[in-house]
Amino acid sequence: MRPHDMGTLFDDAVAAGTRTVVRLDRPFDIAPRAGTRWTVAELAALVRATAARLTDAGVRPGHRVAVVKDNHWDYDLLACAAVRVGAVPAQLSARLDTADLLTLLQRLRPAAMVTTSAVLARCRTEGTGLPAPLCVTVDSPVPGAAHLAALDASRPADPVRRHEDEPLVVHHTSGTTGVPKLVVHSTRTLVHELARFEAVRYPGIGIRRDDVLCNASAYGHGRTFCWTAVVTALAPAAITILTGDEPFAADPLLRAHPPTVVEALPATYTRLRPLTERLDNPFRRVRLYISTYDAVHPPALRAYLTASHRAHPLWMQGWGQTETGPLTFRFHTRRSALAPDAASTNRRLGRPVPGRTRLRVVDPDTLRPVPRGRPGLLLVRTAALALGYVGEQERWDAKRVGDWWSTGDMGVHHRDGSVSVLDRAVDRLPGLSRLHTEDLLEQRLPQALECVIVAGRDGAPLPVVVTADGRLDERAWDRAAQGLPALARPAVLTWDAVPRTGTGKVRRVALAERLTGASLTGTGRWT
């Protein structure tokens, strides 16, 4: 099966004979009483019923429908239902700050919003009233809003077809350095160029029919909408969905159904890492780990690859952006993860996808190409480039450099064709690669869950070390900092004390402002 129409994706899978079983760590928010085990036929029926309810609420073809709710895979089911009725879903993380969420809603101007009573309460606290002409809650009734369960699901409409170059879905960027952007993708860019390329049974890394997939992601972000198309088309034996990252909450489901393929957020890999130390660790059958959004640090790579009892487990690390999809891939093995120089090479993110992406490094001021091996601004060219930003077309146009797209990342294109990312252009510090320094610190501080370098006062680098209890031995720090560029004494925080995006990335600017009052140190031109 080749994915095409996201509105009929699950119906098409049923027609193709797909027998995948889906298991959830908690019931869907849009079907709270339907349990945690689903067949593809049942998912197709749920999408049809949800589409009928949206139509009953007043959603019409061409409408933008914002989806803002608790983290769960039904973000994508709601999006598929909106697509089915001809609307354009916009998936917005409920973890956004209220001010940022309201800014995005103002840019989006949705005709309808599917949300929760808690999100509506947050919006009303800011004095804005209901954030859309039509609001639909998925949890409990709210005055002035429709309740999803109370809407009529008995009259499913025929699917509305759209041209492959028309807007299909809106996703927002991570927002590590400010208010996220709203990215518009079409069927051509997201499904035909991205999902179809991935929905192939490649040797070694392709999804097999006997695989048990585990996904632990931020389902309001763009990666999982594409992932949903891919896994539905490839029809593995089973899929396990995790909505949280608490290790002892995830452990029973993972041990009951040990995965063979795992895809998770880098932050979730960090949080679930204690499970790798169990004698009956749930990752013993894993043959392939997949990570996107951000690099995974060497200690976590080693822990998971060692936890697998397979002879040759692989870790596939992708680098890309919401606007472009994956741009490069790199593979890690036990041998590479255990190598003494693992921290030094971890930011090498592989090579551009052959035949699909091209990469160029230019001087960020002159935009002239720089030689291989020299740092500069990373530009890419891909047929999967999105259509634009909602409400910020000038910003979109400013990031175009002829036929090339500015990623906003500073990096190096090495002579062997591989790519290293050094920093975001917006928050780089002179004479230091934050990302490389963070890798080295995590390598040297086993007790650290995460290390982050932010701008201190006067632009000086301030290390932030995240530990389980918010404590760090001073002697351990002194040993770890030896041979590194001059750093201030570290700030030591717990995981929950660090401001994060919906994908678990550190909001670096917000963290710097909170700790020191400092803000951007680089150029915001390419954000």
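Me: Which residues does H414 touch, not counting residues up to four places away in sequence?

Reply: Contact means heavy atoms within 4.5 Å. By that rule H414 touches R348, R372, G373, V419 and S420, with residues up to four places away in sequence left out. This is a predicted model, in which local features need pLDDT of at least 70 and side-chain atom pairs count only at pLDDT 80 or more, while totals for chains, interfaces and linings use all residues. Residues are numbered from 1 along each chain as its sequence is written, and side-chain values use heavy atoms, with hydrogens and water left out.

Me: Where is H414 found, and is H414 buried or exposed?

Reply: H414 lies in the loop between β21 (404–413) and β22 (419–424); helices (H or I, at least four residues) and strands (E, at least two) are DSSP runs, numbered from the N terminus. Buried means under 20% relative accessible area, exposed over 50%, and partly exposed in between (1.4 Å probe, protein chains only). With a relative accessible area of 15%, H414 is therefore buried.

Me: How should I read the packing of helix α4 and helix α5?

Reply: Two packed helices are described by the angle between their axes and by the distance between the axes. The axes are lines fitted to C-alpha atoms, for helices over the stretch in contact, and angles run from 0 to 180 degrees between N-to-C directions. Helix α4 (residues 98–108) and helix α5 (residues 117–125) pack at an angle of about 90°, with axes 10 Å apart. The two helices α4 and α5 are therefore roughly perpendicular (under 35 degrees is roughly parallel, over 145 roughly antiparallel, 65 to 115 roughly perpendicular, the rest oblique). At their meeting, T98, L101 and L102 in α4 face V119, R122 and C123 in α5.

Me: How many bridges join β12 to β13?

Reply: Two strands pair if DSSP finds at least two bridges between them. Strands β12 and β13 run parallel and are joined by four bridges, with E263 opposite I290 in β13. Strand β10 (residues 212–216) also pairs with β12 in the parallel sense, over four bridges, and A216 has A264 as its bridge partner in β12. Within β12 (residues 261–264), V261 and E263 point one way and V262 and A264 the other way; all are buried.

Me: What do Y269 and Y289 form?

Reply: Rings of Phe, Tyr and Trp (its six-membered ring) pair if their centres lie within 6.5 Å; planes under 30 degrees apart count as stacked, over 60 as edge-to-face and the rest as tilted. The structure holds 15 aromatic pairs. Among them, Y269 and Y289 form an edge-to-face pair, 6.3 Å centre to centre with 70° between the planes. This pair links distant parts of the chain, with Y269 in helix α9 (residues 266–272) and Y289 in strand β13 (residues 288–291), 20 residues apart. Y289 is buried, with a relative accessible area of 0%. The rings of Y289 and Y304 have centres 5.6 Å apart and planes at 70°, so that pair is edge-to-face. Y304 belongs to helix α10 (residues 298–307), 15 residues from Y289 in strand β13.

Me: Is α10 mostly covered or exposed?

Reply: Helix α10 is mostly covered, as eight of its ten residues are buried. Its buried residues include P298, L301, Y304 and A307.
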